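Me: Please take a close look at one part of this structure, the nonpolar core and the helix packing around it, and describe it in one connected account.

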Amino acid sequence: MATNQEINIPVGIVSEGGELKSQEMLLNLGPQHPSTHGVLRLLLTLEGETVVDCTPVIGYLHRGIEKILENRPIMGGIRYMDNADYLSPMLNETAYAGAVEQLMGIELPRRAQYIRLITNELQRIASHLVAVGTYLLDLGATTPVIWAFRDRETILSLFEALGGSRFNVNYMRVGGVLHDLPKGWLKECEEFLDQFVKNHAELTALITGNEIFEARTQGVGYIDPQQALAYGLTGPMLRASGINWDLRVNRPYMAYREIAVNPQVRQEGDCYARYCVRMAEMLESVRLCREAIDKLPGGPISTRTPIALRPPRGETYFAVESSKGELGVYFISDGSEYPWRAKLRGPSFVNLQIVPELLRGHKMSDTIAIMGSTDIVLGEVDR
């Protein structure tokens with residue numbers, strides 16, 4: 001009798017007495033797979049091509065950022081925040097600086113608050129561009145990622161003019177920002193925003209309505225509103241399921257107390273809805289940047305702080321609306337220059353929890369579509 005190998009029977013199919021039967025198969029997706037968006041390993045249990053169970057395995061990119069923060073002077077910790085969600089360094093730095101400022105009772109000058117708002121919203125656009133571009137690349141389209149990275153490059157050039165670095169900017173400081181806006185920077189920023197609106201329309205026309213993309217994403221990876229709340233989801237993952245929750249509105253901080261944000265919400269709760277939320281948020285960020293530029297006040301860009309920061313004894317938690325959801329920094333201070341305890345609430349880590357639930361019952365090809373729609377960054381998961 002011919003063996004399974006000789007008659008070329010697929011893995012997961014066994015022959016018993018001449019009758020073909022299926023059996024469960026374990027498949028490792030990652031940790032080297034590009035569509036896992038970092039070194040994530042998904043241990044999938046398959047029946048044929050249907051996923052019946054999933055166990056995410058993390059830790060391949062463990063960076064120990066929280067312990068590093070506890071062993072660096074407070075001002076020295078800002079630079080390490082860039083390496084958590086490495087696609088949103090400006091937002092990470094804002095959360096870190098905000099936690100220290102809250103603990104020390106420091107009120108930012110209004111100009112510094114507006115500069116932070118502008119840079120945070122530009123960072124949100126840059127992060128969403130990577131999310132959308134790489135998502136379409138996961139699903140087999142190459143043009144969107146090239147267009148997305150083109151616009152992201154302009155944002156990184158603006159950041160380089162601010163802090164001297166394109167990627168790990170290290171621009172925020174406790175009490176304000178490192179430098180004031182260089183001469184001509186606002187004009188370049190406005191020119192980018194004008195051009196980006198046109199480019200965004202082209203990107204939307206390329207993706208939205210594409211029958212292949214819609215077939216791969218509509219009705220796939222559905223998250224019920226109550227399920228989203230139960231799993232602690234935040235950001236586009238939550239708002240795409242009909243929950244109107246945005247820290248910039250519900251717990252406004254800094255200049256968001258003066259500039260109103262219109263949260264982008266969808267009701268469908270599937271992969272397509274999460275894509276639509278991110279696309280809409282980019283245009284909302286453009287509006288916020290323009291309004292902040294128009295209202296940008298004069299005055300100092302930082303508050304005078306001692307070289308050696310020694311916050312009073314106590315604990316604090318400060319959170320910002322990052323590109324992926326609620327990014328929180330928790331500190332315990334013993335009155336020294338070093339945080340006694342530092343803990344980060346990374347939205348990528350929290351949002352990853354629901355992935356096994358989303359994958360069950362879907363085909364193997366849907367795994368890539370669902371994973372990409374979560375927009376996780378493993379630096380924030382393995383922080």
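Reply: In the largest nonpolar core, which has 101 residues, Leu44, Leu122 and Tyr171 touch the most other members; such a core is a set of buried Ala, Val, Leu, Ile, Met, Phe, Trp, Tyr and Cys residues joined through side-chain atoms within 4.5 Å, and buried means under 20% relative accessible area, with exposed over 50% and partly exposed in between (1.4 Å probe, protein chains only). The model is a predicted one, in which local features need pLDDT of at least 70 and side-chain atom pairs count only at pLDDT 80 or more, while totals for chains, interfaces and linings use all residues. Residues are numbered from 1 along each chain as its sequence is written, and side-chain values use heavy atoms, with hydrogens and water left out.

Beyond its neighbours within four places in sequence, Tyr171 has contacts (heavy atoms within 4.5 Å) that include Met90, Ile115, Thr119, Leu162 and Leu181.

Leu122 belongs to the contact between helix 4 and helix 11; helices here are DSSP runs (H or I, at least four residues), numbered from the N terminus. Helix 4, residues 110–138, reaches 42 Å from its first C-alpha to its last, close to the 42 Å expected for its 29 residues at 1.5 Å a residue, where the expected span is 1.5 Å times one less than the number of residues. Of these 29 residues, 27 are buried, and the helix is followed by Gly140, whose phi is positive, near 110°.

The axes of helix 4 and helix 11 (residues 271–294) come within 9 Å and cross at roughly 155°, the axes being lines fitted to C-alpha atoms over the stretch in contact, with angles from 0 to 180 degrees between N-to-C directions. That makes helix 4 roughly antiparallel to helix 11, a term for angles over 145 degrees. Among the residues that make the contact are Ile118, Leu122, Ile125 and Leu129 of helix 4 and Arg278, Met282, Val286 and Cys289 of helix 11.

Arg278 is also touched by Thr374, which meets Met237 and Val355 as well, not counting residues up to four places away in sequence. Thr374 is found in helix 14 (residues 364–374), and it counts as buried, at 1% relative accessibility.

Elsewhere, helix 5 (residues 143–163) and helix 6 (residues 185–207) have axes that come within 10 Å and cross at roughly 170°, and these two helices are therefore roughly antiparallel to each other.

How values were computed. Angles under 35 degrees count as roughly parallel, over 145 as roughly antiparallel, 65 to 115 as roughly perpendicular and the rest as oblique.
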